[in-house]
Protein chains: 2
Amino acid sequence: MKYNGKKYTSIWFEKGIIKIIDQTRLPEEFRIIELRNSEDIIYAINNMQVRGAPLIGVTAAYGVYFALKESGDNYQSFFNKISRIKESRPTAVNLEYAVDLICDYALESNDLDDQIERSLDKADEFYRNDMNACKKIGENGYFILQKVAKANEVNILTHCNAGWLATVDFGTASAPVFEGVNRGMDIHVWIDETRPRNQGGKLTAWEYYHEKIPHTIITDNAGGHIMQNGDVDIVITGADRIASNGDTANKIGTYLKALAAYDNKVPFYIAAPISTIDFKIKSGKDIPIEIRSEDEIKFSGKTPLNHSLSPALNHGFDVTPAKFITGFITEKGIFTPNQLKSLKNEKI
Amino acid sequence: MKYNGKKYTSIWFEKGIIKIIDQTRLPEEFRIIELRNSEDIIYAINNMQVRGAPLIGVTAAYGVYFALKESGDNYQSFFNKISRIKESRPTAVNLEYAVDLICDYALESNDLDDQIERSLDKADEFYRNDMNACKKIGENGYFILQKVAKANEVNILTHCNAGWLATVDFGTASAPVFEGVNRGMDIHVWIDETRPRNQGGKLTAWEYYHEKIPHTIITDNAGGHIMQNGDVDIVITGADRIASNGDTANKIGTYLKALAAYDNKVPFYIAAPISTIDFKIKSGKDIPIEIRSEDEIKFSGKTPLNHSLSPALNHGFDVTPAKFITGFITEKGIFTPNQLKSLKNEKI
């Protein structure tokens with residue numbers, strides 16, 4: 001998508017190096033940085049220079065390629081690196097999924113050079129698949145927007161950033177927005193700022209500003225009130241991990257918006273590629289929830305936002321029970337929570 | 001209550017001058033400022049140097065005294081000032097209530113000097129009544145805490161600041177906490193930071209820190225997750241205006257916490273003096289909701305928190321429907337939403 005009128009993806013491979021947009025610096029500064037080895041990959045994921053479940057997956061995929069190249073025939077070193085990549089963030093299942101996918105494919109060969117080549121090929125394919133999945137999510141989601149539109153007008157509420165910066169391109173929750181706008185739909189998006197890291201107010205707002213899509217930042221507290229006022233036609237968020245029963249882990253606060261949507265009869269959709277579904281777990285109870293530094297709550301850079309001598313607790317995600325989710329917008333179509341199980345053997 | 005071990009009230013009258021703690025500077029700086037006339041009163045309320053429905057009421061009460069003294073026998077000037085005081089914040093009913101109470105009492109006399117004296121007497125009485133009401137709210141709320149306690153331990157979640165800084169002393173939602181701690185109860189309080197002005201993370205956390213009451217700041221997004229985890233026994237918030245049917249306007253985001261409490265079978269209480277009930281209005285639909293500057297969302301001082309080129313919308317309050325409220329903790333006892341009407345002719 002566009003920044004200052006020029007097209008970008010959030011990540012790309014160029015002459016043996018991964019390039020990313022440093023998302024910790026947006027929106028104040030647009031800086032492209034280079035990841036040259038698996039340590040850079042781990043650092044970028046852990047410090048959220050890249051974030052968003054699908055993009056974490058794609059970044060980690062290239063991490064496998066770096067790890068193989070660096071380790072040579074020292075496979076113990078390779079598997080140590082692989083473990084550390086997997087542990088760089090705990091909640092998004094796409095990370096584990098991507099690493100396993102690339103490893104399995106690469107290690108089908110017994111020749112190191114061939115393994116390295118295969119890992120890069122598969123990472124590239126994974127990259128392209130992510131773009132294609134998001135494009136399809138946009139097309140499928142567009143039909144949902146048509147259903148809820150009033151005279152071609154739709155007010156969408158979203159939480160966090162599930163935009164193109166959270167994927168390679170197009171985004172998940174944002175893909176139907178881009179598709180709808182391209183097709184002439186009159187769309188306005190309410191963006192939860194999404195404390196404590198404000199990925200909504202910093203990243204999603206920045207994306208829509210540069211795509212010239214009408215939007216308004218609100219506090220996380222305000223979504224319920226705006227729904228009570230009848231100003232929201234649909235809520236769409238992304239997901240970090242979806243259990244087999246449809247319970248969905250996403251950025252902390254998503255659950256509260258699902259409750260408000262339910263109370264105000266506003267449809268609540270999750271937009272995600274089916275690689276985000278973790279068929280190994282039955283319900284949301286089994287999803288690990290990351291706890292991040294309390295300083296993310298207490299400070300913005302060096303500016304204190306709260307009483308700095310008090311303790312704070314910083315859960316990164318919560319789980320929205322399936323009963324509050326109207327449906328899942330995926331690259332394979334729209335599914336209710338009950339229908340997710342049918343996707344178990346679907347090729348991604 | 002205490003700051004650095006020394007007792008304070010949030011406001012006091014001293015030698016013809018009102019003194020307040022400037023709440024826009026807390027917790028970084030503890031600064032006492034002087035309000036010497038009705039303009040100072042209006043400025044302090046409008047700019048939230050004083051805030052919290054009960055404290056706004058008490059401050060405005062002294063504003064009537066200043067307005068009378070300044071206007072002399074120019075009653076048109078007096079009533080202009082009174083209107084401007086009433087309009088300094090729109091949502092808290094205590095403001096209008098207090099101004100009318102002091103005006104009515106003062107103007108029962110026809111003599112200007114007597115009117116001035118009566119306005120000061122009545123403001124002083126209103127000040128004392130606020131303290132007494134909060135003390136009683138603490139005693140009444142303590143019995144609710146005993147009901148929800150597990151082996152003398154209670155985890156409370158609160159939103160915004162309904163502490164002593166929001167009243168003259170003791171607070172509303174905080175009064176049962178102070179009472180419980182005094183009586184040896186083992187209390188921990190989860191404090192929503194309460195964006196955009198962070199009155200929870202700045203003021204409530206500061207209060208509990210200086211009273212040595214265990215507490216933890218969380219983002220507004222996290223309360224639902226913490227309730228799902230079983231870590232909240234009761235939610236207690238204050239109120240800015242309560243309609244006759246029990247619908248309650250309070251700081252934006254309160255509604256979301258009420259929904260989460262309802263979904264997790266956590267009792268949800270409003271603590272407020274009965275002067276916060278507006279018997280003139282039937283339901284929450286009639287409560288005016290203040291919209292404040294978008295800069296409160298986009299910046300903290302000069303630090304940008306969100307994409308500053310994007311628009312933001314800043315509703316200050318929302319309305320929690322009565323059906324989600326377990327009860328009201330008042331100075332006259334505990335009431336369900338349905339029982340509120342019985343208080344209509346109660347002397348405050």
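Residues count from 1 along each chain as its sequence is written, chains are lettered from A and ligands numbered from 1 in the order in which they are written, and side-chain values use heavy atoms, with hydrogens and water left out. As the model is predicted, local features need pLDDT of at least 70 and side-chain atom pairs count only at pLDDT 80 or more, while totals for chains, interfaces and linings use all residues.

I start with chain A against chain B. Each gives 56 residues to the contact, where contact means heavy atoms within 4.5 Å. The two chains bury about 4400 Å² between them, with 58% of it on carbon and sulfur atoms; buried area is the accessible area, with a 1.4 Å probe, that two parts lose on being put together, summed over both. On the chain A side, A:N221, A:L256 and A:H307 lose the most area to chain B, together 16% of what that side buries.

One salt bridge pairs B:K323 with A:D263 at 3.9 Å, N to O.

Which element gives the largest share of the chain A side? That is helix 9 of chain A, with six residues. Helices here are DSSP runs of H or I, at least four residues, and strands are runs of E, at least two, numbered from the N terminus.

Next, inside chain A. The domain assignment, automatic or from a database, gives domain 1 (2-129) and domain 2 (138-343). In contact are 32 residues of domain 1 and 31 residues of domain 2. The area buried between these domains is about 2700 Å², and carbon and sulfur atoms give 56% of it.

Two salt bridges cross this domain interface. A:K280 and A:E96 form a salt bridge, with their closest N and O atoms 3.6 Å apart. Polar contacts between domain 1 and domain 2 number 14 residue pairs, both residues at pLDDT 80 or more. On the domain 1 side, the elements giving two or more residues are strand 1 (2-3), helix 2 (53-71) and helix 4 (93-106) of chain A.

Methods: A salt bridge is a side-chain nitrogen of Lys or Arg within 4 Å of a carboxyl oxygen of Asp or Glu. A polar contact is a pair of N or O atoms within 3.5 Å; within protein, one must be able to donate a hydrogen and the other to accept it, and residues adjacent in sequence count only if both atoms are side-chain atoms.
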